[in-house]
Amino acid sequence: VHSPRSCIPADGWIIEQLDQIDLDQALGRSPVAGRPPARVSRVVIRKGEYRQLVYYWLQQRGRRLTNEYLAKWYIFQDSLLRSRTDGALVRLVTPLAPGETDATAADARLLRFAADFEPLWPAYLPE
């Protein structure tokens, strides 16, 4: 499992903020009974004068994970029970404009993109 918490700083970016959001809730959707929240990591990063907002998660056979260690566990479990070790790191990125102090506009851009792109995910993500 490739951890953005390691690779982002390794590429020279500084993590300014790291938290999680419920993507469904952010898109204005009501919770679905019996379905876990669509948690994604939300990160603001900086490299020199450049800043970006990043949403990311690990997708493995219907699971959306934000914990890299849990993803490793599921890879191990699925290799034993399903003979599968595939998965995907999904990362949505948008720049923050110079002088943009909060990420409200950037969040809106990523949420619009996620809403438009979401119907296409099943064709590309392992189930």
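**A close look at one helix**

A: When the neighbours within four places in sequence are left aside, Leu-110 is in contact (heavy atoms within 4.5 Å) with Leu-53, Val-54, Tyr-55, Leu-92, Val-93 and Thr-94. The model is predicted, so local features need pLDDT of at least 70 and side-chain atom pairs count only at pLDDT 80 or more, while totals for chains, interfaces and linings use all residues. Residues are numbered from 1 along each chain as its sequence is written, and side-chain values use heavy atoms, with hydrogens and water left out.

Leu-110 belongs to helix H4, which runs over residues 104–117; helices (H or I, at least four residues) and strands (E, at least two) are DSSP runs, numbered from the N terminus. With a relative accessible area of 3%, Leu-110 counts as buried, where buried means under 20% relative accessible area, exposed over 50%, and partly exposed in between, for a 1.4 Å probe and protein chains only. Arg-35 and Leu-110 are 75 residues apart in sequence, and their C-alpha atoms lie 23 Å apart in space.

From its first C-alpha to its last, H4 reaches 20 Å with its 14 residues, close to the 20 Å expected at 1.5 Å a residue; the expected span is 1.5 Å times one less than the number of residues. Leu-110 is one of the buried residues of H4, together with Ala-106, Asp-107, Leu-111 and Ala-114. Seen down the axis, these buried residues fall within an arc of 135 degrees, so they line one face of H4, the arc being that of the directions from the helix axis to the C-beta atoms. The face turned away from this buried side carries Arg-112 and Asp-116, which are exposed. Among the elements that cover the buried residues of H4 are H2, strand E2 (39–47), E3 and E5.

One of these covering elements, helix H2, spans residues 23–26 and holds Asp-24. Asp-24 counts as buried because its relative accessibility is 9%. Although 87 residues separate Asp-24 from Leu-111 in sequence, the two are 9.7 Å apart in space, C-alpha to C-alpha. Beyond its neighbours within four places in sequence, Asp-24 is in contact with Arg-29, Arg-35 and Ala-38.

Glu-68, Ala-71 and Asp-78 are buried in H3. These three cover an arc of only 75 degrees around the axis, which puts them on the same side of H3. Tyr-69, Leu-80 and Leu-81 are exposed on the other side of H3. The cover over the buried residues of H3 includes helix H1 (4–10), strand E3 (50–60) and E4, and E3 is also among the elements that cover the buried residues of H4.

The loop between H3 and strand E5 (88–96) contains Ser-83, which is exposed, with a relative accessible area of 66%. Most residues other than glycine have a negative phi. Ser-83 is not a glycine, yet its phi is positive, at about 55 degrees.
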